[in-house]
Amino acid sequence: MPSAHATVRSEKAGRYLVQLCKHFAHKIPATWEETDGKDTTGHADFGIGTCDMTARDGALLLACNAPDEDGLGKVKYVLEDHIVRFGWKEELKVDWQDGAPAGA
């Protein structure tokens, strides 16, 4: 199963994670929760692929999977487009890496 991950640096990472999940939840299954008072986690199921998100230590961590490269590309595009738009004041950038994140 193709996968990709990215780290987006921002002191507002938790806020962006919740904003993304709330926005996506209008059209797809998306959930989020504060796990221990420091980390916030989220999950979005786009039908063509999924993304697990974690906000921790000033970073939004993204881990996406899809059954095929086409689906993965679409999931990555949707996430990056929304992150860049939501974080335009910070000029957020998403640098995708192929594969699962280390330790996953």
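Author: Exposed means over 50% relative accessible area, buried means under 20%, and partly exposed is in between (1.4 Å probe, protein chains only). The model is predicted, so local features need pLDDT of at least 70 and side-chain atom pairs count only at pLDDT 80 or more, while totals for chains, interfaces and linings use all residues. Residues are numbered from 1 along each chain as its sequence is written, and side-chain values use heavy atoms, with hydrogens and water left out.

Reader: Thanks! Is glutamate 91 buried or exposed?
Author: Happy to start there. Glutamate 91 sits in the loop between α2 and β6; helices (H or I, at least four residues) and strands (E, at least two) are DSSP runs, numbered from the N terminus. Its phi is positive, about 55°, although glutamate 91 is not a glycine. With a relative accessible area of 61%, glutamate 91 is exposed.

Reader: And aspartate 57, what is its relative accessible area?
Author: Aspartate 57 belongs to the loop between β4 and β5. It is not a glycine, yet its phi is positive at about 50°. Aspartate 57 counts as exposed because its relative accessible area is 70%.

Reader: What is the order of the strands in the open sheet?
Author: Strands pair here if DSSP finds at least two bridges between them. The pairing is antiparallel in this open sheet of 6 strands, and the order is β2-β3-β4-β5-β1-β6.

Reader: Which strands have one side left without a neighbour in the sheet, and why?
Author: Look at the edges of the sheet. Each edge strand has a single partner strand, so one side is left without a neighbour; these are β2 (30-34) and β6 (97-98).

Reader: Which residue is the bridge partner of threonine 54 in β5?
Author: β4 and β5 pair in the antiparallel sense over 7 bridges. For threonine 54, the bridge partner in β5 is leucine 61.

Reader: Which residues does leucine 79 touch, not counting residues up to four places away in sequence?
Author: Contact means heavy atoms within 4.5 Å. With residues up to four places away not counted, leucine 79 touches Phe24, Phe46, Cys51, Met53, Cys64 and Trp96.

Reader: Which side chain of opposite charge is nearest to lysine 76?
Author: Lysine 76 lies in helix α2 (residues 69-86). A salt bridge is a side-chain nitrogen of Lys or Arg within 4 Å of a carboxyl oxygen of Asp or Glu; Lys and Arg count as positive and Asp and Glu as negative, while His and the chain ends are not counted. Lysine 76 is buried and has no salt bridge; 4.5 Å away is the nearest side chain of opposite charge, aspartate 98.

Reader: Where is the salt-bridge partner of arginine 56?
Author: The search of the whole structure finds 3 salt bridges, and one of them joins the side chains of arginine 56 and aspartate 39 at 3.1 Å, N to O. Arginine 56 lies in strand β4, 17 residues apart from aspartate 39, which is in the loop between β2 and β3.

Reader: How far apart are the closest N and O atoms of arginine 85 and aspartate 81?
Author: These residues are 4 apart in helix α2, separated by about one helical turn. Arginine 85 is partly exposed at 46%, and aspartate 81 is partly exposed at 27%. In their salt bridge, the closest N and O atoms are apart by 3.0 Å.
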